[in-house]
Every structure is written in structure tokens, then in C-alpha cells.
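Please keep the model open while you read this note. Each point can be checked by eye.

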Amino acid sequence: MIGAFFLVLASGYIWSIVGVLSITVLVYNEVIKISCHSEKESTIRWFKTMSWYFLITTEYFLYGESIIYYFQEIIMVDAFLQPFATHHRFISFMLYVMGFVFFVMNLRSGQYRTQMAQFGWTHMALFLIVVQSHFIVDNILEGLIWFVLPAALVVLNDVFAYLCGFFFGRTPLIQLSPKKTVEGFVGAMLCTVLLGFGAASFLMQFDYMICPVQDLAASAWSGVSCEPKNPVFRSVPWLLPAVVQYAIKFVSGYDVEHVWMAPVQLHAISMACFASLIAPFGGFFASAVKRAFKIKDFGDSIPGHGGLTDRMDCQFLMGFFAHVYYTSFIKQYNMSVGTVLTLIINNFTAKQKLELLELLQTYLINQSILESEQVPQSLLEKAQMLISRM
Amino acid sequence: MASQTLTELTEEKSSAVVPTIDAGQNKKWQTFWLRTVTTFMMIGGFFAVLASGHVWVVLMVMAMQTMIYKEVIHIAEPTAKERQLLWFKTMSWYFLVITTYFLYGETIIDYFQHIVLVDAFLLPLATHHRFISFMLYVTGFVLFVLNLKKGLYKQQLAQFGWMHMALLLIVCQSHYIVKNTLEGLIWFVLPSSLVICNDVFAYICGTFWGKTPLIHLSPKKTVEGFLGAWLCTLMFAFLVGRLSPLLHLTNSLLFQWVSLLMQWDYMICPVKDLATSSWNYSHCESKNPVFVTAPWQLPTTLSSLLNHMTGCDVTQIWLAPIQFHAVIMACFASLIAPFGGFFASAVKRAFKIKDFGDSIPGHGGMTDRMDCQLMMGLFAYMYLHSFIKIHDLSTGSILNVIIHRIPLQGQLELLEHLLTYFVNQEILHPLVLEQCGVSALTDTAKPFFDTTQ
């Protein structure tokens, strides 16, 4: 499995995306099968077709959104694709509505409850599996490291939870998974934080990992590079606190004042915390689902490991977290001053421009960057009068 | 949709007029008056809220959404014995609050960027809004998993799923109705009135001509009622875009009452200031061209036909694009939105309940009244954003770009450029360049910026 993972990763963005998509479809399939077990459920007509239809519609919507966002320059100029892009949400909505109407027309007396339950189950599967895995694809498009790092953290956490549990495990952790122990949990967290730090330090050296996608067909051997890199990857010297300096001098005799770190290594630590403390709850949730439906494993696609869902259950939540964390704290949305200035000058009335100036000033004052008592009121009022006279 | 609708005066009259010799006649009259009174109260209340301003309409939609959510969650509530263990009610309220926080936050940030982004306290809440909402959700998720009790897994998971479906179908959909309202009150009034119109005419047409049953889920509906309602709703939609001129043609009391609302600018302008109402609204400068009536050239065959029939020489006809859009919306309201009602009926059958609640006397619960409206609101939003809305640059969105996409040094540069521009245009006094902008950096900020520009 690990070998295949690295091979796919090196083959390029498009193969990684295809890999994630395949895993999504397989996991979705396994989960949908669960609601077809009982006698009553398996006789509902059209259920399988409908669940495939909703899967395709959802994937069309999600991938469309990503493609439109990341490849705007290509899509918007093409005469055939442009209307699909402009009306994408409407098209996706109408596709969903058609599925909904079909579902309602297919309801049969005496089967309402079962059919409703399956409908709800399909939607939950779409959310928890399809939508979350799509965030993983968005991560890939932002830079492979935002796919590899979270996935690696979850895998490391699992492995060390098992190892630490094996050697030191005593107190049970949670009723849902009797094999897990508190010692394993805590030990795994420490190991994951340390190794996550190391993994980030290792991965950030490769341009192939850290550059956002420019060409979908690129692979590890294509020589991908990008400028300017996200500052989160730039190593800067951090001044060590005096206490730590003394400690290091005492222990090793070296005079170490600065340590070179990149912000991404610190982000890796916070991601590692999520991977160890929160992402396992995705696994507990999946265990609860298995208990509720009295099944041992979700499937048997992977020999010795159960189904694909059993392996991937924590990854979805982690991928979602990585995406939200990245877009909130790390992502650079830079535009140049010149572009924005041109937009302002060309597209706004004089009144709006003045409004914008005042807003910008207020913002900078509130951020304590500019002094508040700057322009005498009379000057601004005079400007207003001049503009209203125009 | 449940068999009763808002303005069912005709229904009550016909059922009350039918002579019944038993003592139930008294009860029938009671029910009739009860339903009529509550119907008028609902309609009156609706118009009062509508005239009070955008913010009251939004609050009304929020209140209705909460009531519907409560009714629907109630169905999945555990029996009394298990209730203390399971925290289900608390959990459902928690998820409602965080979902509402997320959705309304997104909308407020979107529409009021010029207020939110400038404020030093609100800005970080806005910038990291999705992350905050996500962590709130994850907290709820973790608490749910920790609260799972052995032997009750299936029930608890079922409740969890039910709650998510309720959040999706009720809270998210009604949020789109709120977004429509912020685009212009007409985008709230038009879709909901189309649904109501369809219900009323479906009943009337069904009563007079109804023969073939439509769908086994709702045995009282007929194909004739369905189709007749469709035609009537289309006509209603076509006329609504031209109500303003129509008002001049008639002096009837009904239209005078309605004319209070048809202060056209109040209805069609997007919200700029939440405190607007029908008494102190501002006019918007650039109206959406969809409201402008323009002459359309009639094809020669049609105009010669009209000439032949009526003797009038009609070569052009004045239409506004909104009439076409209204017709398309009417098609959705008549053909597709009723499936929302059928879905709700199916839910009632599946759980063997007669009505979702009893908040409205004589009409059942809030859900029974609103089930088709939700889907219609979502369609109206999608349609509006895809085909009608003009995505102009606003000062708010540019401000968003400046604050989030340009580093601080660049922001100061931009400020200087703008000041220079205004000085050069002789709108601002040259003194501003000496006193404002980079010259006015606070002492704490000065060391971080290279002021030798």
C-alpha cells in the first residue's frame, strides 16, 4: 500500500487526484452497501441507481467548482466551456432536483420509512465521504505537501498508537474501541508531533511538493518550480530564549543563539495535534457505525486490513481540517497593488473612490498603523462638496 | 403539501354550505371561523413584517426556520426513558446555533464587507470565519462520539443523521431565502407568492374539474388541479412584473392595500442599510436591467392577426424581462416545488403522524405550511444568481481584496496612490499628502515600514 502510494504521488498531480477519486468511490460504495443488507432494504427498487446518480451529480458539482476556480484562464475564454462555468451551480442544482423528484415519485406505500432512511443514509455518505475527500483534492491543487503531510500524520499516529499501546498499554481509552489505550493515545501524540515536525522539514525542501499546481500533467521528474514561494516555507532565524541557550551550552558546549525554522514546521505541529487528538474520533464514529449495524468490517478489499473505509476513516476528517486550516492561515491570496489600483480607478465613480479611501484609512487607523487625527474634517468635507457638485 | 393552504376561504365556504344534519355542523362552523381568522392574521402579519424593513423579514424567516426545525427534530426525539442519557435536544440546538452562525456569518461578511472588514475586532472573526465554524462543528462531533452509549448506537446514529438532514433541508434552504431578501424584497415575495398562488388554484381547479388522482402520496390532489394551477400561476407571474401600471387602472381596495408594498424601489433594491423600511427607503442608483420595460417588436404574422381581430394597429408590445423570469419561476413553482410537499407527506406517512405540529390553529404545524417554500426559495436563489444578478464590483468587495490580498506595505502604498490621485484631480488639498498616509504612521508602526518613498 505504501509503495503504491509513493508511486502515485510521484506520477503527478493528476494521478494523485485520480487516486483520491477512486478511493472515494470505493469507500462510498462500501458504505452504501450497508444500507442494502436487510431483506426489506435490498428489495427497494432503483436505490443503487439513485445512489450512483447522486454520487455523479455531487462529484460533477465539486470538481466543476475546483476546475473553474483553479483554471479560470482556460475555462472562461473557451466558447463551449464558458456557459457551463457561469451557470455551473444552477446546472448542478437542477441535476440534484431531478434526482429528488425521481426519488419522491419512486416512493411506495409501506416502504416509506425504509426509503427515507436510505435517502438520509445516502446524503450522510455524500457529506462525510464525497465532500470531505473533495477537500483533499483541493489540498493537492494547492501543493502536494498539503496532501502528503496530513495523510502521513494520520498514518504515523495509527502506527505509533499501535506500537505504544503494544508496549505500554494498560488503561482502556473509549468503550467504542476496546483495543485502544490511553498510553497508546498519548504516546502516539508525542511521536506524531515530533515526526510531523521532521516530516515537514524534509518535505519543504522539494519544489514538487510545495508548489501549487500550474500544469496538471506535471510529475516528480518534470522539474516543477514556482516563484514566489509561500513565505510559510522560508526558513528564518529565531532567537532562542536565554534559558534554552544556557541549557544547550551546558549540555553540548555549543554556543547556539539562533535556530533556523520555517513557519510550516510550526503549522505541522498544530496539524499533528489535530491528527492525534481529534481525527481518531472519525475512526470511533466509523466503529460506532459498525456496531450499530453489527458488521465486523466495512468490506474486504484489503487483505488483513478489512475494507478501504476501515483504513480511510480518519483521513477524511483530517483532510477537511487541513483544507480549512490552510485556507484560513497559510494561503496567500496576493494581488499586486497596480492591478487593484487600476480596478479602483477604472470601475468606480468619484464618490465611491472617496468612500473607499475613507474606509481604507479607517481600517488602517483601527489596526493602529495610522494615527487617528490626520485629516482635518474641513478638508474631507471640501472634497465631498466638490464631488457632489460634479 | 398538506391539504390545506393559506387563503382557503372558498374551501371553508363550500364545506360549510354543504348541509349536514348532524350536530357536527356547529363544529364545522367553528373550525371555519378559526381557520379564516388565523389565515387573515397570518396574511396581515406577513404584510406588516414586509413593510417594516429587510431586517424584520430576515428575522421572520429565522423565526420560522427555527420553528420548523424544532417540529422536525421533535419527531426523532427519544422516548422519555432515554432522554436524560442522550443529550439529543441539547445537541440539536447546539448544531442549529453553529450552523446559523456559519451561514449568517458568511452572508453578513458578503453583504456588509465595508462595515465588517474595517472594524479591528470583527476583522479576524471574518477572516477566519470558516475555520472557527469548522472547529465549532468538530467540537460538537467529538462530544457526540464521546456520548455514544453501548446498545444505543443505532438509535443515536439515526438521530445524528436525521438532525443533519433537518439542518440541510430546513436551515440551509431557508438561509437562501434570507439571501434572496438581501438582494431585493421582490426576490422573496415573488417566489413565495407563486407557491401560494399555485396552492390556491390547485385547490380551486381540483374542486371544479378534478378527476384523475395525481400521486398516491397525496390522494386529494388531481391531475386537472395540477395543470390548471400551472396555467393560472403562469398568468399571475406574467402580470406581476407589470403590477405598477396595472395599479393605475383600478381603484379597488385590494390594489390600494397592495400598493403600499409596490413602492417599487423599496421592493427591488438590494439592501445597503439594514434599517430601511417602506417608509424611509433609499433609491438605488443602478437598477437591475431586468426590471426595465422595453418595447419588443411583434412578428408581422402576429401583428396582422391582431389587426384582423381587433382592428388595432399593434406592432410593439412593452415587456420587462422580469416577466419572462417570473414565468420560468412559475413553472418551477407549479411543477417541481410541490414535490417538496410530497416529500413532507411521505415523511409524515413514514412516521405515522398526521401533522408536524400544532403551532397554527386549524392549519397544523409551521412545517405543513412551509414545505414547498423551502425548495422554491433555493431555486429562486440559484436562478437569480445564475441569470439575473449583476456581479458588480462594490466598495466592500474591493476593500476585501485590499485587506486580504495585499500585504500591509502594499496597502500603505495604495493609500498614498489614492491620495495622490485625488490631489491631482484637485479634489483633495495637497496638504493631505503631508498629514495623511505614510506621514501619519503611529510610533509603534514606524519601525516596521520603510518610509523612504
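**Notes on the model**

1. Start with A:Ser92. Setting aside neighbours within four places in sequence, A:Ser92 is in contact (heavy atoms within 4.5 Å) with A:Thr57, A:Tyr60 and A:Phe61. A:Ser92 sits in helix H7 (residues 88-105) of chain A. Helices (H or I, at least four residues) and strands (E, at least two) are DSSP runs, numbered from the N terminus. A:Ser92 counts as buried, at 6% relative accessibility. Buried means under 20% relative accessible area, exposed means over 50%, and partly exposed is in between (1.4 Å probe, protein chains only). A polar atom of the A:Ser92 side chain lies 2.9 Å from the backbone oxygen of A:His88.

2. A word on the ground rules. This is a predicted model, in which local features need pLDDT of at least 70, side-chain atom pairs count only at pLDDT 80 or more, and totals for chains, interfaces and linings use all residues. Residues are numbered from 1 along each chain as its sequence is written, chains are lettered from A and ligands numbered from 1 in the order in which they are written, and side-chain values use heavy atoms, with hydrogens and water left out.

3. Now chain B as a whole. Its secondary structure comes to 21 helices and four strands. Chain B has 453 residues, and 50% of them count as buried. Take the contacts in chain B between residues at least 6 apart in sequence: 71% of these join residues at least 24 apart. Chain B exposes about 22,300 Å², and carbon and sulfur atoms supply 67% of that area. Accessible areas come from the Shrake-Rupley method with a 1.4 Å probe; for residues, only the protein chains shown count as cover.

4. Next, B:Thr181. Is B:Thr181 buried or exposed? B:Thr181 counts as buried, at 0% relative accessibility. B:Thr181 lies in helix H9 (residues 153-183) of chain B. Apart from neighbours within four places in sequence, B:Thr181 is in contact with B:His54, B:Val57 and B:Phe188. A polar atom of the B:Thr181 side chain is 2.9 Å from the backbone oxygen of B:Ile177. B:Leu412 is 231 residues from B:Thr181 along the chain, and their C-alpha atoms are separated by 37 Å.

5. Turn to charge. Side chains of opposite charge can pair when their charged atoms come close. How many salt bridges are there over all chains? The count comes to three. A salt bridge here is a side-chain nitrogen of Lys or Arg within 4 Å of a carboxyl oxygen of Asp or Glu.

6. One salt bridge joins the side chains of A:Glu65 and A:Arg89 (2.9 Å, N to O). A:Glu65 lies in helix H4 (residues 47-70) of chain A and A:Arg89 in helix H7, so the pair ties together parts that are 24 residues apart in sequence. A:Glu65 is partly exposed, at 24% relative accessible area. A:Arg89 also counts as partly exposed, at 47%.

7. Another salt bridge pairs A:Lys331 with A:Glu142 (3.0 Å, N to O). This pair links distant parts of the chain, 189 residues apart. A:Lys331 is in the loop between helix H15 (308-330) and helix H16 (337-347) of chain A, while A:Glu142 is in helix H8 (residues 112-142) of chain A. Both A:Lys331 and A:Glu142 are buried.

8. Chain B has a salt bridge between B:Arg130 and B:Glu106 (2.9 Å, N to O). B:Arg130 lies in helix H8 (residues 129-146) of chain B and B:Glu106 in helix H5 (residues 88-111) of chain B, so the pair ties together parts 24 residues apart in sequence. B:Arg130 counts as exposed, at 55% relative accessibility. B:Glu106 counts as partly exposed, at 23%.

9. Last, the cysteines. A disulfide is a covalent bond between the sulfur atoms of two cysteines. The rule used here asks for a pair of cysteine sulfur atoms within 2.5 Å. By this rule there are zero disulfides over all chains. B:Cys232 is in no disulfide, and the nearest cysteine sulfur, that of B:Cys205, is 4.4 Å away. B:Cys232 is buried, at 18% relative accessible area. B:Cys372 is in no disulfide either; the nearest cysteine sulfur, that of B:Cys197, is 13 Å away. B:Cys372 is buried, at 4%.

Definitions and conventions: Polar contact = N/O pair within 3.5 Å; in protein donor to acceptor, adjacent residues only side chain to side chain.
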